[in-house]
There are 2 protein chains.
Amino acid sequence: MNKQIVLKKRPIGVPTVSNFEVIEISAPTIREGELLLKPKVVSVDPYMRGRMSDAKSYVAPFEIGKPIAGGVVAEVVESKHPDFKAGDNVIGSFPWQEVFTAKGSEASKVDGSIAPLSYYLGILGMPGLTAYFGLLDIGKPQKGETVVVSGAAGAVGIVVGQIARIHGCRVVGIAGEQSKVDYLMNDLGFDAAINYKTESNIAGALATVCPDGVDVYFDNVGGEISDAVISQINKGARIIICGQISLYNATSQPVGPRIQPTILKKSALMQGFIVSNYASRFPEGFKALAEWVGSGQLKYTNTTYHGFEKLPEAFIALFEGKNLGKLIVEVK
Amino acid sequence: MNKQIVLKKRPIGVPTVSNFEVIEISAPTIREGELLLKPKVVSVDPYMRGRMSDAKSYVAPFEIGKPIAGGVVAEVVESKHPDFKAGDNVIGSFPWQEVFTAKGSEASKVDGSIAPLSYYLGILGMPGLTAYFGLLDIGKPQKGETVVVSGAAGAVGIVVGQIARIHGCRVVGIAGEQSKVDYLMNDLGFDAAINYKTESNIAGALATVCPDGVDVYFDNVGGEISDAVISQINKGARIIICGQISLYNATSQPVGPRIQPTILKKSALMQGFIVSNYASRFPEGFKALAEWVGSGQLKYTNTTYHGFEKLPEAFIALFEGKNLGKLIVEVK
């Protein structure tokens with residue numbers, strides 16, 4: 001017996017569990033050059049919402065009736081590939097399936113003795129590399145500058161803020177729960193944090209905690225929070241467009257204040273990116289992140305769901321802002 | 001007798017002649033180190049609209065009752081500065097005044113034998129340098145790429161398009177008169193041009209004339225024209241925010257489709273700038289522009305008003321899109 005979670009129908013607006021279906025399929029047969037794999041830790045990420053829609057984006061859409069796929073750390077149950085043996089842990093872009101096969105070339109070994117396996121889906125994986133390259137390559141934060149990050153308590157945001165601190169910046173986070181604000185300030189050393197759900201005037205609150213204006217804005221959320229931050233930018237500011245989670249479930253064209261006049265007046269730069277643009281430099285990013293994790297300069301945390309069938313629920317929780325740090329699902 | 005044109009009251013919305021006043025003042029007295037100057041060619045530029053408002057921008061506001069000031073080529077009537085003599089032509093940021101004095105340090109000599117004096121306010125001056133640095137430094141156009149420029153028949157736009165052609169790009173202009181469209185295609189060699197006033201579906205028209213999408217967008221106008229262009233950008237596109245003339249007279253916050261999701265999906269870059277950011281590289285830009293003008297690779301044209309008191313009318317004409325090329329006022 002084997003289970004798979006497929007896209008049942010495309011969501012309109014916020015995804016619900018009814019967009020997914022758990023189906024029973026037969027056990028896979030392993031062929032030469034392949035691995036038989038069981039997931040241990042499965043990642044749910046905001047970008048996957050884009051793949052649930054039919055619209056053209058930077059990753060191809062999921063197909064109806066076919067499994068959802070994403071970042072997975074899996075254990076090798078059986079190997080017919082010379083580079084792997086049973087018991088190895090590997091990472092790759094794999095289907096949401098209890099047992100599955102993959103080519104050896106699609107899997108990369110990960111070492112659970114260096115860091116928890118979940119870290120390879122977080123700070124030492126896609127979210128960590130996203131924070132590293134977006135902040136440093138586009139944002140170019142300079143010592144003494146003010147860096148604001150939205151979605152600050154999420155998988156990417158907590159890394160952005162800590163790397164900015166390491167670079168000597170004043171760091172302000174925007175998040176949606178008092179517990180997140182407390183975590184950013186007390187556990188991660190952010191200079192200030194704003195709860196956008198209880199703060200009625202985000203621009204005013206930012207002006208108070210960013211008395212010298214905003215030099216770098218790392219944007220994970222978009223929408224009105226970004227309007228407020230952009231109203232506070234300095235001349236020469238850099239705005240990194242990493243995510244727009246507040247708009248991913250929009251059912252009509254989102255509208256807001258035009259930002260080009262501000263971009264012009266401030267000689268500001270805005271740059272969108274996807275982490276795979278930096279694929280050739282992943283070893284550099286991984287090395288830096290691993291060193292900071294090893295030295296204790298970079299802290300990380302997960303919000304963990306348990307059980308394969310919780311995957312849809314965990315994914316939906318992303319859009320409810322329920323996660324502190326990386327949202328993962330541990331599979332028995 | 002001497003005349004000066006002052007800001008009478010700040011415009012709300014589109015400026016009118018009632019925002020200006022011609023007043024009589026006494027003749028100036030020249031002191032040691034100064035020049036006595038008479039304007040020959042006076043520049044009117046869209047950025048001056050920003051200075052008529054009280055709002056903070058990249059240049060300080062004009063003061064009520066004080067003269068408007070901007071780019072002027074003037075003749076030295078009398079010199080008490082060792083570097084200048086009567087009959088020299090100089091350029092500087094000078095008041096709208098029939099006779100005025102300036103320090104020698106505020107004036108730079110220009111050579112009417114190299115190019116018409118008006119060119120120092122256009123292709124060899126601020127608009128030309130704006131086109132040069134914005135397109136090449138931010139846009140980085142590559143051979144074979146498609147470059148779209150809005151305000152294409154204006155002082156900056158006609159230079160942008162021709163430099164892009166020199167760099168081997170496909171060039172598409174957007175302008176607001178059939179005569180401008182004809183000029184861009186027949187006289188300047190643009191590959192295509194769109195009349196946004198008669199074209200009901202600008203995005204569709206762009207898709208037709210940019211079959212490979214848009215790699216570089218040099219934006220002088222903003223608003224709905226920019227929405228249409230941004231809908232057609234390619235992965236890795238560069239958007240240069242040089243001007244937003246369609247929004248300068250707005251009396252409330254301009255609103256439009258949010259662009260960040262497109263910037264994200266396309267890993268696009270958007271950068272605002274003002275030409276003075278490149279002041280240290282002006283000699284490089286001037287040299288390149290002068291060579292292209294000399295070799296005939298860069299053509300230029302003016303729309304000329306005649307007479308000192310026509311200055312307000314000429315300035316207002318900018319916002320009516322009446323000018324082909326640089327709008328200047330020749331003063332007897």
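Author: An open sheet of 12 strands, with mixed pairing, has the order S10(A)-S9(A)-S8(A)-S11(A)-S12(A)-S14(A)-S14(B)-S12(B)-S11(B)-S8(B)-S9(B)-S10(B). This is a predicted model, in which local features need pLDDT of at least 70 and side-chain atom pairs count only at pLDDT 80 or more, while totals for chains, interfaces and linings use all residues. Residues are numbered from 1 along each chain as its sequence is written, and chains are lettered from A and ligands numbered from 1 in the order in which they are written.

Reader: What makes strand S10 of chain A and strand S10 of chain B the edge strands?

Author: Each of these strands, residues 192-195 in chain A and 192-195 in chain B, pairs on one side only. Two strands pair if DSSP finds at least two bridges between them, and the strands (E, at least two residues) and helices (H or I, at least four) are themselves DSSP runs, numbered from the N terminus.

Reader: How do you know that strand S12 of chain B pairs with strand S14 of chain B?

Author: There are 4 bridges between S12(B), residues 233-241, and S14(B), residues 269-272, and the two run parallel; at least two bridges are needed, so the strands count as a pair. In one of these bridges, Ile239(B) has Met270(B) as its partner.

Reader: Why are helices H2 and H3 of chain A called oblique to each other?

Author: H2(A), residues 126-139, packs against H3(A), residues 157-166, at an angle of about 45 degrees, with the axes 8 Å apart. Axes are lines fitted to C-alpha atoms, for helices over the stretch in contact, and angles run from 0 to 180 degrees between N-to-C directions. Angles under 35 degrees count as roughly parallel, over 145 as roughly antiparallel, 65 to 115 as roughly perpendicular and the rest as oblique, and H2(A) and H3(A) are therefore oblique.

Reader: Which residues make that contact between H2(A) and H3(A), and of what class are they?

Author: Pro127(A), Gly128(A), Ala131(A), Tyr132(A) and Leu135(A) of H2(A) meet Val159(A), Val160(A), Ile163(A) and Ala164(A) of H3(A), where contact asks for C-beta atoms, placed from the backbone, within 7 Å. By class there are 8 nonpolar, 1 polar and no charged residues; Ala, Val, Leu, Ile, Met, Phe, Trp, Tyr, Cys and Pro count as nonpolar, Asp, Glu, Lys and Arg as charged, and the others, Gly among them, as polar.

Reader: What makes the relation between chain A and chain B that of a two-fold axis?

Author: A rotation of 180 degrees, with 0.0 Å of shift along its axis, superposes chain A on chain B with an RMSD of 0.0 Å, and that is the relation of a two-fold axis. The superposition is by least squares on the C-alpha atoms of residues with pLDDT of at least 70 in both copies. Of the residues of chain A, Met270(A) comes closest to the rotation axis, at 2.5 Å (C-alpha).

Terms used. Contact = placed C-beta atoms within 7 Å.
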